Amino acid sequence: KKARQGYKKRMWTYNAEGFRVFVFFFAYQFKNLWDAYVWDDGPEFIFHHTVSIITSWSGMYPGVGQIYAVFFMGLSEISTATLVLLANFDPTLGVEGLADAFPLTKIVCAVAFVVTFVACRNIMWPWAGWHYWKDTWEALANPKDQKAKENAWILKRTLFVLISLTF
């Protein structure tokens, strides 16, 4: 079997942009975890934010797949940004009267959310996930890869999280 070219660079090399994305994502998820607790959003949100915090920490230390953070915790979150804008128009949880005052803006935000969600989460996510999957299994299957041996539990856990979120 021919080894997948470059997986070690993608999985083990420090990437400044990816590291920064992990830091921002970690902070954002920590804030979301606090909000989910304060506003009693439910156990599923507590669980989601906790898993996100642990996953982003694993990317920062010991430093696994930092290049992938640019997409999974960076670009894919564009749809989250549009959802946050749209949430302001919610009659119960958003700003009262905002949807009535700016109906066209609400529609633009809704369309932007749908387009970015489909593009980022339904089209690009599975493609990027496939590459992470292949790099992870390549690392785990390589008996000479010491970093993979040291971080096997992180690789397996992040792969499980990726598969869960994909489905």
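Reply: Let's start with Leu104, which counts as exposed because its relative accessibility is 59%, and exposed means over 50%. Please keep in mind that this is a predicted model. Leu104 belongs to helix α7, which covers residues 103–141. Together with Ile107, Val108, Val111 and Val115, Leu104 makes a nonpolar surface patch of about 480 Å².

Side chains of opposite charge can pair when their charged atoms come close. The structure holds three salt bridges. One of them joins Arg10 to Asp135, with 2.6 Å between the closest N and O atoms. Arg10 sits in helix α1 (residues 7–12) and Asp135 in helix α7, so this pair ties together parts that are 125 residues apart in sequence. What about the surroundings of these two partners? Asp135 is buried, since its relative accessible area is 0%. Arg10, on the other hand, counts as partly exposed because its relative accessibility is 25%.

Arg121 meets the side chain of Glu77 in another salt bridge, at 3.3 Å from N to O. This pair also links distant parts of the chain: Arg121 is in helix α7, while Glu77 is in the loop between α4 (66–72) and α5, 44 residues away. Glu77 counts as buried at 19% relative accessibility, because the cut-off for buried is under 20%.

Two packed helices are described by the angle between their axes and the distance between the axes. For helix α5 (residues 78–87) and α7, the angle is about 160 degrees and the axes are 8 Å apart. α5 and α7 are therefore roughly antiparallel to each other, since angles over 145 degrees count that way. Their crossing is left-handed.

With α7 in view, you can turn to other helix pairs. Helix α2 (residues 16–38) packs with helix α3 (residues 43–60) at an angle of about 160 degrees, and their axes are 9 Å apart. That angle means α2 and α3 are roughly antiparallel to each other, and the crossing of these two helices is left-handed.

From α3 you can move on to helix α9, residues 152–166, whose axis comes within 11 Å of the α3 axis. These two helices cross at roughly 135 degrees, so α3 and α9 are oblique to each other. The crossing of α3 and α9 is left-handed.

Asp35 and Lys31 are separated by about one helical turn, because they are four residues apart in helix α2. Lys31 is partly exposed, with a relative accessible area of 45%.

Notes
Residues are numbered from 1 along each chain as its sequence is written. This is a predicted model: local features need pLDDT of at least 70, side-chain atom pairs count only at pLDDT 80 or more; totals for chains, interfaces and linings use all residues. Side-chain values use heavy atoms; hydrogens and water are left out. Patches are made of residues with over 30% relative accessible area and no salt bridge: like charges are joined within 9 Å, nonpolar side chains (Val, Leu, Ile, Met, Phe, Trp, Tyr) within 5 Å. Accessible areas come from the Shrake-Rupley method with a 1.4 Å probe; for residues, only the protein chains shown count as cover. A salt bridge is a side-chain nitrogen of Lys or Arg within 4 Å of a carboxyl oxygen of Asp or Glu. Buried means under 20% relative accessible area, exposed over 50%, partly exposed in between (1.4 Å probe, protein chains only). Axes are lines fitted to C-alpha atoms, for helices over the stretch in contact, and angles run from 0 to 180 degrees between N-to-C directions. Angles under 35 degrees count as roughly parallel, over 145 as roughly antiparallel, 65 to 115 as roughly perpendicular and the rest as oblique. A crossing is left-handed if the near helix is turned anticlockwise from the far one by less than a right angle, and right-handed if clockwise.
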